[in-house]
Amino acid sequence: MSRNTPNQQQLITERDAAKLLSISERTLRNWRTRGGGPRFVRVSARCIRYRLLDIETWATDRTRRSTSDLGISPIEL
């Protein structure tokens with residue numbers, strides 16, 4: 001596992017996070033509301049930020065080898 005670098009701890013805007021994930025800001029907001037998206041930081045009531053590390057972790061956790069890959073190990077079945 002890589003060590004946290006200052007860059008990974010950097011907070012980025014919702015717009016930048018959406019661009020990084022190649023999705024719309026609306027999709028990112030929906031995920032935040034319903035759950036299932038990357039972790040986020042609520043700086044204030046109207047200020048949401050994302051850590052690069054959390055986006056990377058979220059994407060890595062969703063990496064699959066095929067469409068039939070459920071992302072769980074045989075032990076978990």
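I began with the strand pairing: β2 (residues 41–44) and β3 run antiparallel and are joined by three bridges. The model is a predicted one. For one of the bridges I looked up the partner of Val 41, which is Arg 49 in β3.

Next I listed the elements of the whole chain. I count four helices and three strands. Read from the N terminus, the order is α-β-α-α-β-β-α.

I turned to the totals. The chain has 77 residues, of which 21% count as buried. Its accessible surface is about 6200 Å², and carbon and sulfur atoms hold 49% of that. Among contacts with a separation of 6 or more, 44% are between residues 24 or more positions apart.

Then the core. Which residues make up the largest nonpolar core? I find 10 residues: Ile 12, Ala 17, Ala 18, Leu 21, Leu 28, Ile 48, Tyr 50, Leu 52, Ile 55 and Trp 58. At least two of this core's residues come from each of α2 (14–21), β3 (47–51) and α4 (52–61). As a general note, nonpolar side chains tend to be buried together in soluble globular proteins.

Ala 17 is in contact with Ile 12, Leu 28, Tyr 50 and Ile 55.

Asp 54 was my next entry. Asp 54 sits in helix α4. Is Asp 54 buried or exposed? Its relative accessible area is 10%, and the cut-off for buried is under 20%, so Asp 54 counts as buried. I looked for a polar partner and found the side chain of Arg 51, in polar contact with the side chain of Asp 54 at 2.8 Å. Not counting residues up to four places away in sequence, Asp 54 touches Pro 38 and Arg 39.

Last, I looked at a backbone angle. Ser 22 is not a glycine, yet it has a positive phi of about 60°. I placed Ser 22 in the loop between α2 and α3 (25–34). With a relative accessible area of 68%, against a cut-off of over 50%, Ser 22 is exposed.

How values were computed:
Residues numbered from 1 in each chain as written. Predicted model: local features only at pLDDT ≥ 70, side-chain atom pairs only at ≥ 80, totals over all residues. Heavy atoms only, no water. Core = buried A, V, L, I, M, F, W, Y, C linked by side-chain atoms within 4.5 Å. Buried < 20%, exposed > 50% of the residue type's maximum accessible area, 1.4 Å probe, protein only. Contact = heavy atoms within 4.5 Å. Areas by Shrake-Rupley, 256 points an atom, 1.4 Å probe, with all protein chains shown as cover. Polar contact = N/O pair within 3.5 Å; in protein donor to acceptor, adjacent residues only side chain to side chain. Pairing = 2+ DSSP bridges.
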